[in-house]
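Trainee: I would like to learn how to read the rings and strands in a new structure. Could you walk me through it?

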Amino acid sequence: MESSSEGVARVGDGGVVEDPAHTEASAPEAVVPGAVVQEAVVPEKVVPETVATAVAAIAPASLSPSRAGDFMQCPLLYRFRVIDRLPEKPSPAATKGTLVHAVLERLFDAPAAERTAPRAKSLIPGQWDRLRETRPEVVELFADDPEGERLAGWLVEAERLVERWFTLEDPTRLEPAERELFVEAELDSGLRLRGIIDRVDVAPTGEVRIVDYKTGKAPRPEYAEGALFQMKFYALVVWRLKNVVPRRLQLVYLGSGDVLTYDPVLADLERVERKLLALWEAIRLATQTGEWRPRPTKLCGWCDHQAHCPEFGGTPPPYPLPVTLPVRAAESEGGAQGRMGPG
């Protein structure tokens, strides 16, 4: 793997890009030395704790990058998603991202020489069928499109994103060690971190690269640190599990044709851990007191929960947890400190 300069390096053909919306480094063949890992079977880029269910509400017991981002964006949004588990409508953009992720994951099932753009695009119809089977709610996205015109245009957009990936990376030269890898680790404090990594590349020398695909545009440089938070989160989990600091973190932005890379050091991961511990303490306090305050931003316009938000004249559901409920994560069975594999 090539070494970047200090800090953040941005390469690609997208030039100057706008605000965040949701060069290829060389990659030798890769295997994980001594790792006990399996490919995740979760069909979407979501951690299991976030799925809306009909079961009784429980206190938060773990933290993922998405949910950490929710709390930093708006504590009340975190409550709605994690504790109340309010349903949310599928969005065309997020569903397109899920579809493209599935295509890029499945492409690596083919021999290296057959990983071409036409082959990748040919996977889209089958993966769309699979997505409709596993998540029937996405069908409502095109319920008012009887002629299928909007759906056809949406699928063409997915094809363009897949095609752009081939201008950023060469899959014939990549042999991922893992794809859609579920990782989970417990910190000394008892906080359990979990997430799903799009791709893990491991060089013969043991250097690890963590790769994440984004179907939106790359952020402007002043927003790069926020974009890298998720990747540093993953790097922290891998370090805690394998005692290895990933050599490179790489975000591949298919919407703008950019690649954002960062080479972390141990001090980066220690800072992220301290930040997450402080964040978790704030979540525990909110859980105990039932005080989840909204934090209005321009992102509120896309929120599904305006009807329950006081900022929009709504009323949150009755708090489903006793305010004295302890929030410390339960001890894991058998004393296991972490895992890499199916969620």
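Mentor: Gladly! Let us begin with a definition: rings of Phe, Tyr and Trp (its six-membered ring) pair if their centres lie within 6.5 Å. Keep in mind that this is a predicted model. In it, ring pairs join F108, W165, F166 and Y213 into a cluster.

Trainee: How many aromatic pairs does the structure hold?

Mentor: There are 11 aromatic pairs.

Trainee: What describes a pair of aromatic rings?

Mentor: Two things: the distance of the centres and the angle of the planes. Take F71 and W292: their ring centres are 6.2 Å apart and the planes stand at 85°, so this pair is edge-to-face.

Trainee: Are F71 and W292 buried or exposed?

Mentor: F71 has a relative accessible area of 8%, so it is buried. W292 counts as buried too, at 6% relative accessibility. The cut-off for buried is under 20%.

Now try F142 and W154, an edge-to-face pair with 5.3 Å from centre to centre and 65° between the planes. F142 lies in the loop between α5 and α6, while W154 is in helix α6, so the pair ties together parts 12 residues apart in sequence. F142 is buried at a relative accessible area of 11%, and W154 is buried at 4%.

Trainee: Which charged ends sit over a ring?

Mentor: Here are two cases to find. The charged end of K232 sits over the ring of Y262, 4.6 Å from the ring centre. Likewise, the charged end of R240 is placed over the ring of W239, at 4.7 Å from its centre.

Trainee: Y262 brings me to the strands. Which way do the side chains of β6 point?

Mentor: The general idea is that side chains in a regular strand alternate between the two faces of the sheet. In β6, D258, L260 and Y262 point one way, V259 and T261 point the other way, and all are buried.

Trainee: In what sense do β5 and β6 pair?

Mentor: Strand β5, residues 248-253, pairs with β6 in the antiparallel sense over 5 bridges. As an example, L251 has L260 in β6 as its bridge partner. The hairpin of these strands has 4 residues between them, and there G257 takes a positive phi near 75°.

Methods: Residues are numbered from 1 along each chain as its sequence is written. This is a predicted model: local features need pLDDT of at least 70, side-chain atom pairs count only at pLDDT 80 or more; totals for chains, interfaces and linings use all residues. Side-chain values use heavy atoms; hydrogens and water are left out. Rings of Phe, Tyr and Trp (its six-membered ring) pair if their centres lie within 6.5 Å; planes under 30 degrees apart count as stacked, over 60 as edge-to-face and the rest as tilted. Buried means under 20% relative accessible area, exposed over 50%, partly exposed in between (1.4 Å probe, protein chains only). Helices (H or I, at least four residues) and strands (E, at least two) are DSSP runs, numbered from the N terminus. A charge sits over a ring if NZ of Lys or CZ of Arg is within 6 Å of the ring centre and within 35 degrees of the ring normal. Two strands pair if DSSP finds at least two bridges between them.
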